[in-house]
Amino acid sequence: MIGTGVLKGMAVTMRNFVGSYFEEDRLTTVQYPEERAPLPENYRNFPFLPFDGEDPHAGLRCVACKICEKECPPQCIYIVKSEDKKPDYIGKPQFYPKVFNIDISVCMSCQICVEVCPFEAIKMDKVFELSRQERFDALLMRKSDLAKSNDYYHTIHPTEAAEVDANLAAAAAAKKKPA
Ligand code: SF4
Ligand code: SF4
């Protein structure tokens, strides 16, 4: 019969509309910004730089190898490598980024920088309320904006962060093992 599909669609709409008054999981609208829908664990938007311990400089995992800068499709990462070295998370002296900027007005959240980083040093964040009133450089995130603790990483992506910790611990143990 002509129109059966439309009637079925309207029945689904009515069932959800009436059901939303009685069943919470049918209520898909939240009163933003007073309320916020919980984000799924694998939600991602822009990258950040996890650091170990309390000090963002000492604990920064990034060694300024620039692989992410080269691989970023829209070229929105800008890194200047340090001339000196600092100890990394296992005490080995490493270069670090003197400058690490990401222009998030250009970033397309593809996560390629995360995939190519050999040091678990860049991960995807969940912060999305980033609009600014200024126009010039407003969305240019500098190293001080991007560095966030490993504890923070555990709060936003607990499963992934636990896997990364295990990988880093295994890599550190393998390096310490006598040949
Ligand atoms: S998420 Fe993609 S676009 Fe954004 S900085 Fe990383 S590689 Fe570049
Ligand atoms: S974030 Fe990773 S890939 Fe990018 S420069 Fe640092 S260590 Fe290299």
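Student: What makes this protein one of two domains, and how far apart are their centres?
Tutor: An automatic or database domain assignment sets the bounds, giving domain 1 (1-37) and domain 2 (47-169). Their centres, taken over C-alpha atoms, are separated by 40 Å. This is a predicted model, in which local features need pLDDT of at least 70 and side-chain atom pairs count only at pLDDT 80 or more, while totals for chains, interfaces and linings use all residues. Residues are numbered from 1 along each chain as its sequence is written, and chains are lettered from A and ligands numbered from 1 in the order in which they are written.

Student: What makes β2 and β7 edge strands?
Tutor: Strands pair if DSSP finds at least two bridges between them. The open sheet has the order β2-β5-β7, with antiparallel pairing. β2 (77-81) and β7 (140-141) each have a single partner strand, so one side of each is left without a neighbour in the sheet.

Student: How do you know that β5 and β7 pair?
Tutor: Strand β5 (residues 97-103) is joined to β7 by 2 bridges, which meets the requirement of at least two. Asp103 stands opposite Leu140 in β7.

Methods: Helix = DSSP H or I, 4+ residues; strand = E, 2+ residues; numbered from the N terminus.
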